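Q: Please go through this model with me. I would like to begin with the aromatic rings.

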Amino acid sequence: MNYLSEITETQFQIIYKVMIKRIAKGYSAEQLSYLLGRPRNYIAKVECFDHDCYHVTELSRIALALEENDYTSFMPETIIDDKVKISMEKNLAGDTCTYTCASVTREHQRKIRFVLQEYIGRRVFLGFSGIRDYDLLILLDMVEVLIRDGYFRKLRSPLDIFTSINRFLKFVISPYCLQLVLDSYCESQCGCKLVRTVKGNYFFYSYNCSGD
């Protein structure tokens, strides 16, 4: 796949820095999209310059998800508003996705800006593969406790839930695992305890009062 877009140099630097930190953290684009409460292809579209750049509030939440100090870690040292035309090629070969990004001059000459490789593995086909039963049981217990304690009486974003559980458990859980557990509470045929609500461009989880 090949994408072509025109953005500012500053926006390019922000998208690039988020991308390398995401890959270094081991999160897929879909996982980070989920934690933000966005559609699953949101981060992938931004990274391919097929969507507007992240705004400051969203960068703050991305920093929290990737365990960065704050959003300024994604900012370039100098703000440059000059426009650049960017070409992004995305190729999947086996278990590896290769991103080749280049700037394109008015004379249609390409200058490589970066080449990144991301290990995709079986998750591209199986989504939740690799999740241990032990992880699911821990999360099921944690979500049940949060439901009983009234935590979901307010709208909660996936990232809020993610950070709350991580803080309690003292280790980082899998975003895929969290999604599987929370959505199972929304889709259970034996009395749904949670509902997934969309507000604006984001989705949230809350207690299903109709089940009372």
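A: Searching the whole structure gives eight aromatic pairs. Rings of Phe, Tyr and Trp (its six-membered ring) pair if their centres lie within 6.5 Å; planes under 30 degrees apart count as stacked, over 60 as edge-to-face and the rest as tilted.

Q: Before we go on, what kind of model is this, and what pLDDT do local features need?
A: The model is predicted: local features need pLDDT of at least 70 and side-chain atom pairs count only at pLDDT 80 or more, whereas totals for chains, interfaces and linings use all residues. Residues are numbered from 1 along each chain as its sequence is written, and side-chain values use heavy atoms, with hydrogens and water left out.

Q: Back to the rings: what is the geometry of the pair of Tyr 34 and Phe 203?
A: Tyr 34 and Phe 203 form a tilted pair, with 5.8 Å from centre to centre and 45° between the planes.

Q: Where in the chain do Tyr 34 and Phe 203 lie?
A: Tyr 34 belongs to helix H2 (residues 29–36) and Phe 203 to strand S6 (residues 202–207), so this pair links distant parts of the chain, 169 residues apart. Helices (H or I, at least four residues) and strands (E, at least two) are DSSP runs, numbered from the N terminus.

Q: Are those two buried or exposed?
A: Tyr 34 and Phe 203 are both buried. Buried means under 20% relative accessible area, exposed over 50%, and partly exposed in between, with a 1.4 Å probe and protein chains only.

Q: And why is the pair of Tyr 42 and Tyr 54 called what it is?
A: The pair is edge-to-face because the ring centres of Tyr 42 and Tyr 54 are 6.3 Å apart and the planes stand at 75°. Tyr 42 lies in helix H3 (residues 42–47), and Tyr 54 in the loop between H3 and helix H4 (56–65), 12 residues apart. Tyr 42 is buried at 4% relative accessible area, and Tyr 54 counts as buried at 5%.

Q: Which residues form an aromatic cluster?
A: Phe 12, Tyr 16, Phe 49 and Phe 114 form one. Phe 114 is in strand S4 (residues 110–119) and is buried, with a relative accessible area of 6%. Among the residues that Phe 114 touches, leaving aside those up to four places away in sequence, are Phe 12, Tyr 16, Met 88 and Tyr 99. Contact here means heavy atoms within 4.5 Å.

Q: Which rings have a charged end over them?
A: The charged end of Arg 38 sits over the ring of Tyr 202, 4.7 Å from its centre. Likewise, the charged end of Arg 156 sits over the ring of Tyr 151, at 4.0 Å from the centre. The criterion is that NZ of Lys or CZ of Arg is within 6 Å of the ring centre and within 35 degrees of the ring normal.

Q: Now Arg 22: buried or exposed?
A: Arg 22, in helix H1 (residues 9–25), counts as buried because its relative accessibility is 0%. A polar contact of 2.7 Å joins its side chain to that of Glu 118. A polar contact is a pair of N or O atoms within 3.5 Å; within protein, one must be able to donate a hydrogen and the other to accept it, and residues adjacent in sequence count only if both atoms are side-chain atoms.

Q: Which arginine is exposed, for contrast?
A: Arg 106 counts as exposed, at 82% relative accessibility. Arg 106 is found in the loop between strand S3 (96–104) and S4.

Q: On to the nonpolar core: which members touch the most others?
A: The largest nonpolar core has 60 residues, and those touching the most other members are Tyr 54, Ile 62, Val 143, Phe 152, Ile 165, Leu 178 and Leu 182. Helix H6 (residues 133–148) gives the most to this core, with seven residues. Such a core is a set of buried Ala, Val, Leu, Ile, Met, Phe, Trp, Tyr and Cys residues joined through side-chain atoms within 4.5 Å.

Q: What does Ile 62 touch?
A: Not counting residues up to four places away in sequence, Ile 62 touches Val 18, Leu 32, Leu 36, Tyr 54 and Phe 74.

Q: Why is H8 described as largely enclosed?
A: Because 10 of the 13 residues of H8 are buried, the helix is largely enclosed by the rest of the structure. Leu 178 and Leu 182 are among those buried residues. At the N-terminal end, Ser 174 caps H8 through a side-chain oxygen 3.2 Å from the backbone nitrogen of Tyr 176.

Q: Finally, how many helices and strands are there?
A: The protein has eight helices and six strands. Buried residues make up 44% of its 212 residues.
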